[in-house]
Amino acid sequence: MKTPTKTIYDANQDAVAELWPEFESLIPDNESAVEHVLQKLFEYEMIRCHCGNQEAENFARISLRILACRQCSREIRFLARTCFRYVKQLKAWLGAIYLKERRVLITSYRLTRLCNIAFATAHNIVTTLACHLQKELELKPSTDVYSAPLNSFIKILFRRSLISVSYKHPSEPPDESNRNNSQTQEEKESQGFPSSSQSSNDCTANNIDIDLTETDKTVFDAIQQMPISQDSLCVATAMNAAQVSSALVMLEVSGLIEALPGNLFIRCKQRETPSSSGAQRDSLTALGFRAFLTIREIYGGVSRKYLQLYLAAFWCHFDSVRWQQDSLLKILLRGKSIRFQDVLSYVSPLTVSIMPLVQPKLSRNQN
Ligand SMILES: [Zn+2]
C-alpha cells in the first residue's frame, strides 16, 4: 500500500527504529540499566543516608543493587526506594520511558519484540506507566484539564473487558482500513466523533452509527421514555441479569440511555453538549480528535476499561513542554509505586479527561 504522506503509524514506527539503537547503546542490558538509575539518583540528589551523607564518593558499591555508606557503614538498597523495587526487566522499563519522553508511542507488542520479554511483562510496563501519568494528571489543577464523554471515543473502543462484550481480540493486528488518512472532516465526524459545530443529536439506535449486539438492541428496545428498572428489563427481555447489565453499560457508554437514581434507566433524548465556552470546546475537540486518530492508527482500538489510561499516556506524546527528558523517569525514581492490583482494577470513568496542550510559546503556567 502506497500513501503520499506519512501516517501517524509510520512516523511512530520510524521514530522507534531511529531511537531504539540510541537507547541500546546507552543501556544494552539490565545491569547497565541499574547503573543508569543509580547515576540518575545521584544526579537528582535522591540518595541520602540516614547519617546525612549524600556524596557519591562517600558510598562504596557492595553489589549491583546495594551501596554502603562510608561514614556509618549502613547498607542502602537504592532501587528499593524507587518504583523499580521488584523490577527484573529494568532495561525494558527504561526503554519504554526513554521512548515516551521523546514523544514516541510504544505498544506492548513492540516492547515485547524490542526487549525480548514476555508480552504480559511488556503490557504491565506500558499500562503501569500510563497509570503513573494518570496519577500525575489527577494532581494537576482541574481547570487545566478538559473532559469529554466516553462515547466520543466509541469508535475506537474494543468491546472486550469484564464490563463489555468481547468481539475482537486485542492481539489482532489493527485493521488496515482504519489507517486511511485521507478522510474528509465530514467523514471523520460521521464516524461518531463530535465536532464543535455539531451541538446535539437525537439519540436513537439507528441514527448513531454504533455496533450494537442483538442483546444490546433488545435491551434498548425495552427501554422507553418511562424509567424502567433492571429487574423489569430482565423480565421484559427474558434475559439474565448479567446480560442485561452488560447491555446497559454499553448503551450508557454509547450515550443512548441514561441511568437514574434507584437503578432506573431511560432513553436519552439529546446528547449533552459540553458546558464550556466556544474556545474551550474547540480546543477539546481538536485535542480529543488528535488522541482519537492516534489511538486508531497506533493501536487500532483500546478497551473501554483503559481508555482513560491511553489518553493519559498521550499526555507525554502531545505535551512537549511539561514532558521533557527524565520527567517521567523522575516520577518513578520518587518511588510512589502503583500496585499491579490497582492497574488491573482500573476502570475509565464515563467522562474521560483530556490533557491540555501547552504550546512552548503560549505557555502561561509552566512551572
Ligand atoms: Zn551513612
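User: Which stretches have a pLDDT below 50, and how many contacts do they have beyond near neighbours in sequence?

Analyst: Over residues 160–170 the pLDDT is below 50, and this stretch has 21 contacts in the model beyond near neighbours in sequence, a contact being heavy atoms within 4.5 Å. Residues 172–209 also have a pLDDT below 50, with 64 such contacts. Where pLDDT is low, the predicted coordinates should not be read in detail.

User: Why is the arrangement around the zinc ion called tetrahedral?

Analyst: The zinc ion is coordinated by the SG atoms of Cys49, Cys51, Cys69 and Cys72, at 2.2 to 2.3 Å. Donors are N, O and S atoms within 2.8 Å of the metal (3.2 Å for Na, K and Ca), and water is not among the atoms, so sites may look incomplete. Four donors count as tetrahedral if all angles lie between 85 and 135 degrees, whereas four count as square planar and six as octahedral if opposite donors are over 155 degrees apart and all others between 65 and 115, and anything else is irregular. The four donor atoms subtend angles of 99 to 116 degrees, and therefore the arrangement is tetrahedral. Along the chain, the donors follow the spacing C-x1-C-x17-C-x2-C.

User: What makes S1 and S2 a pair of strands?

Analyst: Strands (E, at least two residues) and helices (H or I, at least four) are DSSP runs, numbered from the N terminus, and two strands pair if DSSP finds at least two bridges between them. Strand S1 (residues 59–63) and strand S2 (residues 66–69) run antiparallel and are joined by four bridges, with a hairpin joining S1 to S2 through two residues. Arg61 stands opposite Leu67 in S2, and Ser63 has Ile66 as its bridge partner in S2.

User: Which residues of S2 point one way and which the other, and where does the chain go on to pair with S3?

Analyst: Ile66 and Ala68 point one way from S2, while Leu67 and Cys69 point the other way, and all are buried. S2 pairs with strand S3 (residues 75–77) in the antiparallel sense over three bridges, Ala68 having Glu75 as its bridge partner in S3. Five residues lie between S2 and S3 in their hairpin, and Ser73 in the turn has a positive phi of about 65 degrees.

User: Why are S6 and S7 said to stand at the edges of their sheet?

Analyst: Three strands form an open, antiparallel sheet in the order S6-S8-S7. Strand S6 (228–229) and strand S7 (257–260) each have a single partner strand, so one side of each is left without a neighbour in the sheet. S6 and S8 pair over two bridges, and S7 pairs with strand S8 (residues 264–267) over four bridges. Leu264 in S8 is the bridge partner of Ser229 and also stands opposite Leu260. Three residues separate the strands in the hairpin of S7 and S8, where Gly262 takes a positive phi near 85 degrees.

User: Why is His132 called buried, and which residues does His132 touch?

Analyst: His132 lies in helix H5 (residues 119–139), and at 4% relative accessibility His132 falls in the buried class and is therefore counted as buried. Not counting residues up to four places away in sequence, His132 touches Cys83, Ile331, Leu332, Lys336 and Ile338.

Methods. Residues numbered from 1 in each chain as written. Predicted model: local features only at pLDDT ≥ 70, side-chain atom pairs only at ≥ 80, totals over all residues. Heavy atoms only, no water. pLDDT = per-residue confidence, 0-100. Buried < 20%, exposed > 50% of the residue type's maximum accessible area, 1.4 Å probe, protein only.
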